[in-house]
Amino acid sequence: MTAVAAGSGTGAADLPAPPEAPPRSQWQLFRRRFLHHKLAVFGLIVIVILYVLVFGASFWVPNDPLEQDVLLGTQPPSGEHWFGTDQLGRDYFARVIYAGQISLKIGLAVAIISTVVGALAGAIAGFFGGLVDQILMRVTDLFLIVPAIAILAIALKKFGGTDIVIILVLAGLGWMSIARVVRGQVLSVKEKEFVEAARAIGASNGRIIFRHILPNCIGPIVVNATLAIAIAIVTESTLSFLGFGVQKPDTSWGNMLYDAKGNVRFDEHLLYFPGLFILITVLCVNFVGDGLRDAFDPQSRR
Amino acid sequence: MTAPSSEPSAPPSSGPSAEPLLAVRGLVKEFPIRAGLFRRTVGAVQAVSGVSFDLHRGETLGLVGESGCGKSTTGRAVMRLIPATAGSVVFDGVDVQRAGSSALRALRRRMQIVFQDPYASLNPRMTVQAIVSEPLRIHGGWSDGGAERVRDLLDLVGLRPEHANRFPHEFSGGQRQRIGIARALALDPDLLVLDEPVSALDVSIQAGVVNLLEDIQDELGLAYLFIAHDLSVVRHISDRVGVMYLGKIVELGTADELYDQPAHPYTQALLSAVPLPDPRKQRERQRIVLEGDPPNPAHPPSGCRFRTRCWRKLELEADGVDTSACSEIDPLLSADEVGHEVACHFPKVRVMV
């Protein structure tokens, strides 16, 4: 690319070229900024490992999570059962790992769907304003005041407690906060002069929204998306506890947490392990979100 | 609100006799004032009230006036970045205000705008390459040698090819304004609206950008609508100059006519405030200091809008002249009295130093 420039032979190209840094692509810059964020890199590594371990569980976890040994009952962690066993004598380590499959899947899917829906709704409401804004924001309010559990109960009764239904319902209940945040951002960004400049060169509304406005809202969007993962995992736990979430024999971390609740005085380890995994996941996701936000910002000096 | 009072069918301009590139007639822009619980419209700020002018190919028309006089609004309404309330803007035979979406897109290729604030007018998330090439991507022509074109444009505005990979925040104000100019030139327009393109820049940088604009005009034969409040910059670059006060053009003429023989008391007051490079002259020069602030554009004065601050009206009244016309009749732009257009009931040329 730069070699061709010399051929054009006008003005600046005739000057002796200074030692030129190789052209940096946006992706390279993005990657470099992200890699400078140590916590984010750490978080990403942990999450990747977690996903690989959890979804590859059938290849390496020695015990069957469903195999019961009622006579054995609850056991503390030992060499044979790393995380001990639960009330039915099932290997708790295997159960925690397998439960992660559902928790992680739900968390990620809900975060993606609610972020996309919320960002779109917020962007459209903020950008077009007026009646469109009124309608979309009233719909958002409507979703906010709806009693989540009632909706879930109805949906699950009607469509069955499959993962898809749970994901859709959780996403349907989670997009509003992102929509509101994005709308507020769009309201301020759309008044910037570069948006007017884009209109002056003939950019369509879609182009202005997706190329000019949303990229300038990426910080709050990413932060909210990482929060959404955490909230989805926790909400799913709550719902599971109430019997609306993941249905047995499937388990999720939240599900296990609440199952263990009754044993807290005698067998604390039943509570700690799923809780620990939720904690690690949420924490690392937030680290990654932090790093992503900085990496998306070309003005960040890291 | 009120019908545009001055609507000259064809202002006698000193430009070439050919059809003007841009013809603005009776342009009005009102911003509604809303109040109360139901956001009812209780009034309107008249930002621009009845502005008419012609701009010919390759010509530069300067618009000057103090803050809030409607000059930037005029520029934006000409571009249809904001819809005009009334009046017409005809660009090369096409009515800009009524153009459909495809006609408007075609117009956008031919008229472009450079904004005042080079920090706000460039998307901070896009590289210079992406910013300058965006017009090409929108209007086609990117696949067909677009990268080459971007390099030529950067070269034209005095930036290096390797600057293309950088982001706006890595540049100084002057360089950013050059990026904005390159973007505006990407589609090879016929008209450039320059909305205070150097006002936000350091004085030492201004000259560079102004000279660049002049060179580009010589090379590409563009017409400029140059909006500014800096009188000396406007004189330097403009062929003709219009002076605006409270939404109206009060005086319009060639740069020499207007600067050497201003006839409107407002123009004279403005010019008397320009600092002179010679301190002795500066000390001897008589300044005309206007009393008070510009009136509220939501409730402009009747008749001549300048009458509330007009020093000549006071002088005339002291001499016993009847100035009732000033508060009763809105003066029209007319070239009858002094050879260039003035909107004043008592125009009088005053030779400026």
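Predicted model: local features only at pLDDT ≥ 70, side-chain atom pairs only at ≥ 80, totals over all residues.
Ile218(A), Gly219(A), Val222(A), Val223(A), Ala225(A), Thr226(A), Ile229(A), Ala230(A) and Ile233(A) are what helix 11 of chain A brings to its meeting with helix 13 of chain A.

Now for how the two helices lie. Helix 11 covers residues 218-241 of chain A, and its axis comes within 8 Å of the axis of helix 13 of chain A, with a crossing of roughly 170 degrees. Angles over 145 degrees count as roughly antiparallel, so that is the label for helix 11 of chain A against helix 13 of chain A.

Helix 13 of chain A, residues 269-296, also meets helix 2 of chain A, residues 26-35. Here the axes again come within 8 Å, and they cross at roughly 140 degrees. The two helices are therefore oblique to each other, and helix 2 of chain A passes helix 13 of chain A in a right-handed crossing. On the helix 2 side of chain A, the residues in contact are Phe30(A), Arg33(A) and Phe34(A). They meet Gly291(A), Leu292(A), Asp294(A) and Ala295(A) of helix 13 of chain A. This contact splits into four nonpolar, one polar and two charged residues.

| Helix pair (chain A) | Axis distance | Crossing angle |
|---|---|---|
| Helix 11 and helix 13 | within 8 Å | roughly 170 degrees |
| Helix 2 and helix 13 | within 8 Å | roughly 140 degrees |

What about chain A as a whole? Its secondary structure comes to 13 helices and zero strands. Buried residues account for 38% of its 302 residues. Take the contacts in chain A between residues at least 6 apart in sequence, and 69% of them join residues at least 24 apart.

Chain B does have strands, and seven of them form an open sheet in the order 6-7-8-3-9-10-11, with mixed pairing. Strand 6 and strand 11 of chain B sit at the edges with a single partner strand each, so one side of each has no neighbour in the sheet. Strand 11 (341-342) of chain B runs antiparallel to strand 10 (residues 248-254) of chain B, and two bridges join them. Leu252(B) has Glu341(B) in strand 11 of chain B as its bridge partner.

Strand 1 of chain B, residues 22-35, holds Arg34(B). Is Arg34(B) buried or exposed? It counts as exposed, because it has 11 C-beta neighbours inside 10 Å. Setting aside neighbours within four places in sequence, Arg34(B) is in contact with Arg39(B), Arg40(B), Thr41(B) and Val42(B). Ala86(B) lies 52 residues from Arg34(B) along the chain, and their C-alpha atoms are separated by 20 Å.

Finally, the two chains touch: 29 residues of chain B are in contact with 26 residues of chain A. Helix 2 (101-110), strand 6 (111-114), helix 3 (128-139) and helix 4 (146-156) of chain B each supply at least two residues of the chain B side. Helix 3 of chain B gives the most, with four residues. By class, the side of chain B that touches chain A has 11 nonpolar, seven polar and 11 charged residues.

Technical notes: Residues numbered from 1 in each chain as written. Chains lettered and ligands numbered in written order. Axes fitted to C-alpha atoms, helices over the stretch in contact; angles between N-to-C directions. Parallel < 35°, antiparallel > 145°, perpendicular 65-115°, else oblique. Left-handed = near helix turned anticlockwise from the far one by under 90°. Contact = placed C-beta atoms within 7 Å. Nonpolar A, V, L, I, M, F, W, Y, C, P; charged D, E, K, R; others polar. Buried ≥ 20, exposed ≤ 12 C-beta atoms within 10 Å, placed from the backbone. Pairing = 2+ DSSP bridges.
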